Amino acid sequence: MMELSQALKSASEKIISLEKPVKIVSHIDTDGITSASILIKTLQKLNIKFSLSFVKQLTIKILNQLKKEDYPIYIFLDLGSGNLNEINSILQEKQIFIFDHHLPQETETNLLILILIYLAIMVIQKSLVQE
């Protein structure tokens with residue numbers, strides 16, 4: 001199994017090397033809005049284009065709408081861990097990253113989920129120290 005640091009490095013390299021924008025889907029509450037603000041600031045510092053949507057709840061209808069959008073990477077903030085089976089089924093051809101503090105749904109899928117909170121905190125702390 002890949003070490004956490006290696007998985008984080010691999011994930012960040014994938015995001016940084018993209019030519020297409022990243023899709024961010026965030027919960028429309030304090031946690032989600034704060035998470036989106038932090039991630040957006042980080043992506044802007046890295047000159048990574050993005051599109052942001054806030055949702056009250058991650059539903060099958062929303063996942064089907066996301067499936068129609070042309071983004072190679074989807075980042076879910078403060079939601080998604082309770083919808084692993086649905087995400088795996090509907091967005092199976094997309095690269096998925098979930099930043100969530102909620103308990104994950106029990107799943108038997110092979111969905112690769114990288115929890116990148118550690119990476120985000122380190123990048124943000126470094127950028128704040130440099131300001």
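Trainee: Asp-78 first. Buried or exposed?
Mentor: Asp-78 counts as buried, because its relative accessibility is 3%. The cut-off for buried is under 20%. Keep in mind that this is a predicted model.

Trainee: Where does Asp-78 lie?
Mentor: In the loop between strand E3 (73-77) and helix H4 (84-90).

Trainee: What is the nearest side chain of opposite charge to Asp-78, and how many Å away?
Mentor: Lys-56, at 13 Å. Asp-78 has no salt bridge, although it is buried.

Trainee: Then which side chain makes a polar contact with the side chain of Asp-78?
Mentor: That of His-27, at 3.1 Å.

Trainee: And the backbone? Is phi of Asp-78 positive or negative?
Mentor: Positive, near 60 degrees, and Asp-78 is not a glycine. For context, most residues other than glycine have a negative phi.

Trainee: What about phi of Asn-47?
Mentor: Asn-47 is not a glycine either, and its phi is positive, about 55 degrees. Asn-47 sits in the loop between H2 and E2. Asn-47 counts as exposed, because its relative accessibility is 70%. Asp-78, by contrast, is buried.

Trainee: Which loop holds Leu-46?
Mentor: Leu-46 is in the loop between H2 and strand E2 (50-55). Leu-46 is partly exposed, with a relative accessible area of 41%.

Trainee: How many Å apart in space are Leu-46 and Ile-16?
Mentor: 7.3 Å, C-alpha to C-alpha. In sequence, Leu-46 and Ile-16 are 30 residues apart.

Trainee: Switching to charges. How many salt bridges are there in the whole structure?
Mentor: The search finds 2. One pairs Lys-20 with Asp-70, and their closest N and O atoms are 2.8 Å apart. Lys-20 is in the loop between helix H1 (4-16) and strand E1 (22-27), and Asp-70 is in the loop between H3 and E3, so the pair ties together parts 50 residues apart in sequence.

Trainee: Buried or exposed, that Asp-70?
Mentor: Asp-70 is exposed, with a relative accessible area of 53%.

Trainee: Which residue forms a salt bridge with Lys-23?
Mentor: Glu-69, with the closest N and O atoms 3.2 Å apart. Lys-23 is in strand E1 and Glu-69 is in the loop between H3 and E3, so the pair links distant parts of the chain, 46 residues apart.

Trainee: Why does Lys-23 count as buried?
Mentor: Because its relative accessibility is 3%. Glu-69 counts as partly exposed, at 26%.

Trainee: Now the nonpolar side. How many residues has the largest nonpolar core?
Mentor: 16 residues. Those with the most contacts inside it are Leu-58, Leu-63, Leu-66, Phe-76, Ile-87, Leu-91 and Ile-96. Helix H3 (60-67), E3, H4 and strand E4 (95-99) each supply at least two residues of this core. There is also a second, separate core of 14 residues, and Leu-39, Leu-43, Ile-75 and Leu-77 are among them. In soluble globular proteins, nonpolar side chains tend to be buried together.

Trainee: Which residues make the nonpolar surface patch?
Mentor: Ile-28, Ile-33 and Phe-54 make a patch of about 260 Å². Ile-33 is in helix H2 (residues 30-45). Ile-33 counts as partly exposed, because its relative accessibility is 40%.

Key:
Residues are numbered from 1 along each chain as its sequence is written. This is a predicted model: local features need pLDDT of at least 70, side-chain atom pairs count only at pLDDT 80 or more; totals for chains, interfaces and linings use all residues. Side-chain values use heavy atoms; hydrogens and water are left out. Helices (H or I, at least four residues) and strands (E, at least two) are DSSP runs, numbered from the N terminus. Buried means under 20% relative accessible area, exposed over 50%, partly exposed in between (1.4 Å probe, protein chains only). Lys and Arg count as positive and Asp and Glu as negative; His and the chain ends are not counted. A salt bridge is a side-chain nitrogen of Lys or Arg within 4 Å of a carboxyl oxygen of Asp or Glu. A polar contact is a pair of N or O atoms within 3.5 Å; within protein, one must be able to donate a hydrogen and the other to accept it, and residues adjacent in sequence count only if both atoms are side-chain atoms. Patches are made of residues with over 30% relative accessible area and no salt bridge: like charges are joined within 9 Å, nonpolar side chains (Val, Leu, Ile, Met, Phe, Trp, Tyr) within 5 Å. Accessible areas come from the Shrake-Rupley method with a 1.4 Å probe; for residues, only the protein chains shown count as cover. A nonpolar core is a set of buried Ala, Val, Leu, Ile, Met, Phe, Trp, Tyr and Cys residues joined through side-chain atoms within 4.5 Å.
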